[in-house]
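Please keep the sequence and the structure in view while reading.

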Amino acid sequence: MFEAHPHADRRLVVMLLASLLAASTFVLLPRTLLAQTETADMATADDEFSRQLRDLKKSFGEVARQIEDGAQIIDRTQDPEQGRKSIQELRNHVGRLLGAVADNGEVSKLGAKALSRADEKLRTLEQETRFKPDEKQFLIDKWRELRASTEAANRELDRARRDFAELLRTLQTNEDYIDELLQIREHEKALVVIHQLTDGIRDASTKLQKLLGAIKPPGA
Amino acid sequence: MARRITCAAALLALTGCMPESGSGYVEIKLNPAGARPPVLYLDGDKLAAPKGGVAVLRQPVGTAKLQVEADGAKVLLCSVAVKQNRITTVTVSALDRPPRCQCARIGGSEGNRVCIG
């Protein structure tokens with residue numbers, strides 16, 4: 001009833017081998033994919049935040065130089081109108097810095113998202129049963145490091161926000177006072193106020209430089 | 001002149017990653033800082049709980065409305081004047097029911113008070 005068919009036998013062997021190969025790939029692939037997915041998740045969660053922080057550091061460096069230049073002009077000026085305009089320019093620079101680190105700014109939102117992503121990963125990894133214990137522990141340790149560095153970067157952003165807000169307030173309050181003094185032609189007094197600002201501006205510039213060093217993009 | 005051109009060029013380079021002009025800042029302080037924060041909205045946007053009792057938000061120039069959620073509805077706390085590259089601070093007294101808004105300076109006309117910075 002059944003006849004021997006060499007071609008059919010060969011085809012059957014090939015099919016069996018193919019099935020075995022497919023089966024082993026099916027078993028092995030998820031592990032590889034998972035490892036890649038874990039890496040991709042880590043990269044996606046923090047890449048954008050780290051990139052934005054790096055861009056921010058570059059911008060801060062540029063603005064720190066502009067603030068220092070502004071402080072020198074203010075220190076040397078004998079013209080209260082020019083001094084007032086320099087303060088206004090400084091206020092514009094500081095305003096832009098503050099915008100970059102405002103609570104509803106892109107960098108802050110990314111930082112919060114990266115942190116909550118790390119928390120979520122740690123929660124799910126604790127309950128993970130797919131990996132060997134040492135593999136699981138490796139992932140957990142790496143996510144803990146990432147979480148700690150993300151938290152540190154967020155803290156520096158919070159500090160920057162406070163410092164820039166304070167500087168902006170100082171500049172605008174003094175500018176308003178100088179305006180009032182100029183209205184009543186108290187030019188000498190206005191100049192005194194302008195020159196007194198220089199120390200405060202230089203302090204801010206120093207803080208900004210320290211901040212540049214302190215901000216470390218996660219994973220750096 | 002060269003300095004102006006350099007500054008303008010630097011600023012143009014910065015605008016790639018810096019916010020656009022036409023914005024000011026609203027600083028919201030909770031009093032006391034550690035109080036359970038009320039749910040706040042600024043121009044309709046729900047705010048995250050202020051970290052350390054303070055939030056600094058970039059807003060378009062104009063008048064921003066600070067609202068609080070009360071019994072499922074949004075209640076106006078105060079209006080805040082937002083001027084370009086200036087910061088306006090409002091303090092929300094979190095222990096009052098409903099919460100109250102305190103401004104360092106008030107402008108506007110009777111019946112249309114606005115916090116100014």
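Helices, of at least four residues, and strands, of at least two, are DSSP runs numbered from the N terminus. In this predicted model, chain B has one helix and ten strands, and reading along the sequence gives the order α-β-β-β-β-β-β-β-β-β-β.

When contacts between residues at least 6 apart in the sequence of chain B are considered, 55% of them join residues at least 24 apart.

The search of the whole structure finds two disulfides over all chains, and they are set out below.

| Disulfide | S to S distance |
|---|---|
| B:Cys78 and B:Cys101 | 2.0 Å |
| B:Cys103 and B:Cys115 | 1.7 Å |

The link of B:Cys78 and B:Cys101 is right-handed, with 65° about the S-S bond. This pair connects distant parts of the chain, since B:Cys78 lies in strand E6 (residues 73-82) and B:Cys101 in strand E8 (residues 100-103), 23 residues apart. Both B:Cys78 and B:Cys101 are buried.

In the other pair, B:Cys103 belongs to strand E8 and B:Cys115 to strand E10 (residues 112-116), twelve residues apart. Is each of these two cysteines, B:Cys103 and B:Cys115, buried or partly exposed? B:Cys103 has 22% relative accessibility and therefore counts as partly exposed, whereas B:Cys115 is buried, because its relative accessible area is 1%, and buried means under 20%.

Counting bonded cysteines along chain B, the disulfides follow the pattern 1-2, 3-4.

Terms used: Residues numbered from 1 in each chain as written. Chains lettered and ligands numbered in written order. Predicted model: local features only at pLDDT ≥ 70, side-chain atom pairs only at ≥ 80, totals over all residues. Heavy atoms only, no water. Contact = heavy atoms within 4.5 Å. Disulfide = S-S within 2.5 Å. Buried < 20%, exposed > 50% of the residue type's maximum accessible area, 1.4 Å probe, protein only.
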